[in-house]
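Dear colleague,

Please find the structure below, handed over for your study.

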Amino acid sequence: MEANQSPEVTPDGHFVVIRGRKWRATDPLIPEETAARLRRHLMSARRAVRSATTAGDVEAERAARARVNRAKVALGERGTPWWEQTEDERRRRWEQGLARLDTEAHE
């Protein structure tokens, strides 16, 4: 896959295929601005994991990995599959996840 190409999506839209491996797709119901904010939190948390790992800071790594998980759940990429949730459950998932990530970012 080229850097500027979108990944292949399974016919049901539930997964993307990257380098032959299936990954759960982001919930398509999430508004783009919200999804972009969640992705920024995800990338920030991933950078924090790398920094903590490099520094050998076990507690910081644990906290950063928890943030990665919260972002992935809010995006619908982990937890209960978004296609098994009602629209209200999906909206609640990403709104609560984003609120918590925003709060943590400002602590």
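**The crossing of two helices**

The crossing of α2 and α3 is left-handed; a crossing is given this name if the near helix is turned anticlockwise from the far one by less than a right angle, and is right-handed if clockwise. This is a predicted model, in which local features need pLDDT of at least 70 and side-chain atom pairs count only at pLDDT 80 or more, while totals for chains, interfaces and linings use all residues. Residues are numbered from 1 along each chain as its sequence is written, and side-chain values use heavy atoms, with hydrogens and water left out.

Helix α2 covers residues 58-75 and helix α3 residues 87-105. Their axes (lines fitted to C-alpha atoms, for helices over the stretch in contact, with angles from 0 to 180 degrees between N-to-C directions) come within 8 Å and cross at roughly 150 degrees. The two helices are therefore roughly antiparallel to each other, a term for angles over 145 degrees. Among the residues of α2 that meet α3 are Arg67, Ala74 and Leu75, and the α3 side includes Arg93 and Trp94.

**The chain as a whole**

The protein chain has 3 helices and 3 strands, which are DSSP runs numbered from the N terminus (helices: H or I, at least four residues; strands: E, at least two). Along the sequence, the pattern is β-β-β-α-α-α. Of the 107 residues, 32% are buried, meaning under 20% relative accessible area, where exposed is over 50% and partly exposed in between (1.4 Å probe, protein chains only).

**A buried loop residue**

Ile30 lies in the loop between β3 (21-24) and α1 (32-55). With 7% relative accessibility, Ile30 counts as buried. Leaving aside residues up to four places away in sequence, Ile30 touches Ala35, Leu38, Ala74, Leu75, Arg93 and Trp94; contact here means heavy atoms within 4.5 Å.

**The aromatic residues**

The structure holds 2 aromatic pairs, where rings of Phe, Tyr and Trp (its six-membered ring) pair if their centres lie within 6.5 Å, and planes under 30 degrees apart count as stacked, over 60 as edge-to-face and the rest as tilted. The ring centres of Trp82 and Trp83 are 5.1 Å apart and the planes stand at 85 degrees, so this pair is edge-to-face. Trp82 is buried at 6% relative accessible area, whereas Trp83 is partly exposed at 29%.

Yours sincerely

How values were computed. Parallel < 35°, antiparallel > 145°, perpendicular 65-115°, else oblique.
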